[in-house]
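Subject: Structure for you to look at

Dear colleague,

Please open it first and read the notes beside it.

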Number of protein chains: 4
Amino acid sequence: MTESNRPPTGWRHRVHEIIFEADTPLGKAFDVGLILLILLSTLTVMLESVQTISASYGTVLRAAEWGFTIVFTVEYFLRLTSVTRPAKYAGSFFGVVDLVAIVPTYLSLIIPGGQALLAVRALRLLRIFRVLKLAHHLEGARVLWRALRASRYKITVFLATIITLVTILGSLIYLVEGAEHGFTSIPLSMYWAIVTLTTVGYGDIAPQTVWGQALASVIMIIGYAIIAVPTGIITVELSRVSREPISTQACPHCSAEGHDPDAVHCKLCGGTL
Amino acid sequence: MTESNRPPTGWRHRVHEIIFEADTPLGKAFDVGLILLILLSTLTVMLESVQTISASYGTVLRAAEWGFTIVFTVEYFLRLTSVTRPAKYAGSFFGVVDLVAIVPTYLSLIIPGGQALLAVRALRLLRIFRVLKLAHHLEGARVLWRALRASRYKITVFLATIITLVTILGSLIYLVEGAEHGFTSIPLSMYWAIVTLTTVGYGDIAPQTVWGQALASVIMIIGYAIIAVPTGIITVELSRVSREPISTQACPHCSAEGHDPDAVHCKLCGGTL
Amino acid sequence: MTESNRPPTGWRHRVHEIIFEADTPLGKAFDVGLILLILLSTLTVMLESVQTISASYGTVLRAAEWGFTIVFTVEYFLRLTSVTRPAKYAGSFFGVVDLVAIVPTYLSLIIPGGQALLAVRALRLLRIFRVLKLAHHLEGARVLWRALRASRYKITVFLATIITLVTILGSLIYLVEGAEHGFTSIPLSMYWAIVTLTTVGYGDIAPQTVWGQALASVIMIIGYAIIAVPTGIITVELSRVSREPISTQACPHCSAEGHDPDAVHCKLCGGTL
Amino acid sequence: MTESNRPPTGWRHRVHEIIFEADTPLGKAFDVGLILLILLSTLTVMLESVQTISASYGTVLRAAEWGFTIVFTVEYFLRLTSVTRPAKYAGSFFGVVDLVAIVPTYLSLIIPGGQALLAVRALRLLRIFRVLKLAHHLEGARVLWRALRASRYKITVFLATIITLVTILGSLIYLVEGAEHGFTSIPLSMYWAIVTLTTVGYGDIAPQTVWGQALASVIMIIGYAIIAVPTGIITVELSRVSREPISTQACPHCSAEGHDPDAVHCKLCGGTL
């Protein structure tokens with residue numbers, strides 16, 4: 001173990017325990033406080049974008065924003081110093097999210113009119129997922145994740161079919177309706193095909209000729225029916241993952257895995273588990 | 001058993017039997033009558049809100065309303081007097097609903113223009129659920145309820161993901177489209193993101209730039225695909241709950257349960273089932 | 001067996017064979033011809049309602065309509081005479097549908113301006129379901145029907161919950177938005193709540209205040225999530241029905257049904273199947 | 001084996017290996033290149049339909065289009081010459097798609113204003129499906145396909161019910177709302193019924209009378225509920241197909257089936273499988 005990889009000791013160790021773990025009372029209090037701060041700061045970002053509120057309470061919101069940014073900046077540096085490999089943390093998904101949560105406020109000082117950039121701060125909400133370490137929810141997330149992973153090939157095939165369908169149906173409706181009924185280009189017609197196939201149906205563009213409406217009817221019924229496919233895929237995988245032996249106990253004699261959680265004898269060699 | 005906890009006797013006992021139970025002919029008649037009254041009073045509330053009807057039949061509806069309120073008030077006090085612990089009933093879910101069903105009408109006497117409050121009376125409809133004691137429906141409700149309860153952690157994870165997704169996608173579309181295309185604030189943009197993700201698609205706000213429509217397409221396809229997740233969760237849990245009572249045969253030797261329906265030997269002790 | 005219940009003989013028997021059965025070549029030809037006639041007559045009804053077509057080809061369509069009506073009238077009387085109990089047929093579901101298919105055209109002679117009544121003739125399409133006797137499709141329909149029947153209590157609970165939800169949410173949005181934003185009455189607000197909960201989202205009425213949009217967001221997410229419930233119910237029941245013994249073999253000794261597909265002896269009387 | 005059926009040899013054999021197979025490095029490179037070309041050519045078709053882009057970069061896009069067409073033409077003839085039976089390839093699904101991908105560009109030389117025909121070239125995207133020979137995705141597609149095939153009778157029944165429902169509900173709303181509220185004909189009313197039943201809900205036509213809205217509410221709830229049916233069908237079939245490859249090995253001692261694929265001992269009699 002090299003010098004730089006040794007786990008931090010002393011105050012850095014205590015900081016690590018508070019920030020990254022939730023076993024101690026102080027660690028738990030830190031987590032709850034952080035969740036509150038993240039929610040409040042996200043709320044601030046939202047309210048700031050509402051013109052009537054921004055006009056009346058602009059100064060208060062700006063002040064709060066700087067308060068949150070400074071707290072998050074301190075937290076970011078504490079995280080950097082308390083982990084064994086700061087570079088690895090900075091490059092990780094949550095390291096980047098942590099940085100993105102504070103940088104826009106500082107940038108707004110340098111770039112005038114960088115208001116738009118501030119909306120990026122809504123990404124802060126993602127940080128809440130790291131704090132949520134509650135066992136039950138993690139188990140739920142794990143099962144969902146494994147089911148999604150297991151069905152990724154089927155979902156890829158499904159999405160490829162959807163995209164092809166959208167391209168061809170969008171081109172067809174462009175042919176049938178044309179620019180005079182609002183279908184001014186193939187990309188726009190594809191956008192309409194997605195709006196229709198997913199049963200969203202804004203109605204900003206709608207077919208007006210008989211053939212266009214007939215084609216739209218076909219697209220709608222297709223969209224209505226094939227929603228069944230991803231649902232079926234996910235259900236089957238979720239069902240399989242849920243039924244999977246949670247017991248990862250291996251047979252001590254032949255090392256076989258996959259026994260029922262309540263099995264006493266190995267189903268391959270007959271030895272006692 | 002203290003004095004106050006003793007079950008009511010005499011006429012209070014008979015009232016309890018009629019109001020709270022459905023075994024006797026009188027109890028059944030009371031239930032049917034109550035359901036009719038609840039439906040009629042809900043209909044009265046609805047019709048009263050329609051201006052053309054309210055203008056012509058206002059007096060009749062008002063009279064009917066007072067009639068229902070007086071009957072429900074009498075019923076409320078009968079319930080209070082016939083139960084063992086009146087305070088517990090008054091504080092229970094249905095106790096509060098029963099009170100909310102009668103209070104607004106009386107309040108409308110005191111507070112002028114308390115018309116709005118009257119719409120609260122639609123909550124009366126909730127009372128119908130207590131009256132429905134039919135066995136088959138209760139069984140159906142029980143299975144649904146257990147499946148929902150069993151999947152609560154997965155559904156929490158799913159909802160948290162949806163809310164985070166909506167916040168981030170709403171902020172993104174606010175950046176991309178901006179106030180000039182109707183996306184005047186982040187909360188409004190989040191509202192639009194919910195309208196789009198859930199495939200409702202009002203069309204009151206719709207993206208108009210190419211990038212906005214591209215982002216909207218992604219949101220729609222996400223919304224179209226992830227509906228599969230809650231469906232999968234509920235289906236798997238419903239399937240498990242429905243299968244639960246399957247073969248409750250216990251091993252006669254070691255009393256272990258949970259054998260496959262076609263098992264011949266106990267998987268724990270090997271004895272013949 | 002009384003006189004009137006005896007099965008028809010002679011030409012009435014032959015007519016019955018052609019009209020009601022599909023085993024003979026003539027019976028099959030009759031079915032195919034009838035399906036074509038039903039489809040054509042439904043198409044005629046549709047085209048007649050299109051003003052531009054009705055203006056140009058009105059006479060042709062009217063003539064075709066009378067042709068279809070006369071053929072269907074002859075068929076109706078042939079059915080009446082060839083069945084054992086004409087009254088029972090006339091009162092059955094398909095007997096009524098057959099009558100409804102021909103009556104409006106005759107009525108249009110008597111009642112001037114009974115144009116609206118003619119749209120009722122679209123019910124003719126229902127007749128096609130009787131003709132479809134293809135084994136595979138019948139099997140598919142049978143499985144669907146049994147799954148729907150088996151889940152009727154759970155679906156009733158689900159629908160009751162939806163209706164209560166719609167009443168309460170409709171009243172709430174009426175309180176929050178009010179007549180000045182288009183929510184002019186509780187029934188209309190309930191209509192909006194249904195449009196939103198089922199994710200249809202016309203957009204003819206849409207919330208405009210912040211609280212209205214917040215409430216709408218909750219309704220949308222509820223609607224998006226609880227669609228999972230009926231889906232789960234049907235899936236579980238379909239899965240159970242599909243696994244059920246398809247064997248419809250009845251015991252030759254005691255006529256009992258419901259034996260396992262691999263059963264050799266009747267489970268009730270012990271006789272060999 | 002006749003002369004014409006002998007597999008090509010020499011350079012024709014090598015061309016076949018490159019074009020139709022993906023085992024050799026050259027074959028893989030050809031596939032990747034072809035996918036890129038197809039995507040680029042589809043993009044060109046799309047961009048050409050956007051007026052602002054077409055005005056500025058028309059010449060470049062036209063040139064690219066001719067480039068793609070020439071490459072695809074060469075590829076088409078190489079495929080024709082390298083397969084054993086050219087006629088069979090030319091008549092196959094992908095043979096026709098390959099031809100449709102190149103013909104419109106040549107036709108645009110002869111037929112002036114054949115611009116519309118060019119949108120047909122979007123069908124080129126279909127060709128990508130032939131190139132995708134990745135094992136995992138093929139397996140996913142195979143499972144989806146078998147599930148869809150297995151449920152075709154139930155889906156036919158479902159679609160027939162939907163179409164009948166749409167015809168009858170469309171005629172009803174035409175009766176109830178009539179031409180003065182936008183429901184100008186039965187076909188248009190059926191289009192509206194599809195828009196509503198599939199929960200798309202454009203809002204270009206919406207019921208305005210109380211009875212129309214009541215009928216619409218019923219259609220929406222039906223549409224919301226019966227989406228469960230195709231989902232259930234596909235889920236059950238997908239689940240069955242996914243479970244299929246499970247070892248159909250029967251126990252040689254007691255003939256019991258249904259063992260886990262990795263089981264060594266029969267779970268009923270204990271004998272070695």
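What covers the buried residues of α11(A)? Please keep in mind that this is a predicted model. The cover includes α9 (152-177) and α10 (186-197) of chain A, α11 (210-226) of chain B, and α9 (152-177), α10 (186-197) and α11 (210-226) of chain D. Among the buried residues of α11(A) are A:Leu215, A:Ile219, A:Met220 and A:Tyr224. The end C-alpha atoms of this helix are 24 Å apart, which agrees with the 24 Å that its 17 residues should span at 1.5 Å a residue.

Turning to charged pairs, there are 16 salt bridges over all chains. In one of them A:Glu237 pairs with A:Arg240, with 4.0 Å between the closest N and O atoms, and both residues lie in helix α12 of chain A, 3 residues apart, or about one turn of the helix. A:Glu237 counts as buried because its relative accessibility is 3%, whereas A:Arg240, at 35%, counts as partly exposed.

In chain D, the side chains of D:Arg79 and D:Asp98 meet in a salt bridge at 3.9 Å, N to O. D:Arg79 lies in helix α3 and D:Asp98 in helix α5, so the pair ties together parts that are 19 residues apart in sequence. Both D:Arg79 and D:Asp98 are buried.

Finally, on the surface, B:Trp11, B:Ile70, B:Val74, B:Leu78 and B:Tyr106 form a nonpolar patch with about 460 Å² of accessible area together, to which helix α3 of chain B gives the most, with 3 residues. B:Val74 lies in that helix and, at 47% relative accessibility, counts as partly exposed.

Best wishes

Technical notes
Residues are numbered from 1 along each chain as its sequence is written. Chains are lettered from A and ligands numbered from 1 in the order in which they are written. This is a predicted model: local features need pLDDT of at least 70, side-chain atom pairs count only at pLDDT 80 or more; totals for chains, interfaces and linings use all residues. Side-chain values use heavy atoms; hydrogens and water are left out. Patches are made of residues with over 30% relative accessible area and no salt bridge: like charges are joined within 9 Å, nonpolar side chains (Val, Leu, Ile, Met, Phe, Trp, Tyr) within 5 Å. Accessible areas come from the Shrake-Rupley method with a 1.4 Å probe; for residues, only the protein chains shown count as cover. Helices (H or I, at least four residues) and strands (E, at least two) are DSSP runs, numbered from the N terminus. Buried means under 20% relative accessible area, exposed over 50%, partly exposed in between (1.4 Å probe, protein chains only). The expected span of a helix is 1.5 Å times one less than its number of residues. Contact means heavy atoms within 4.5 Å.
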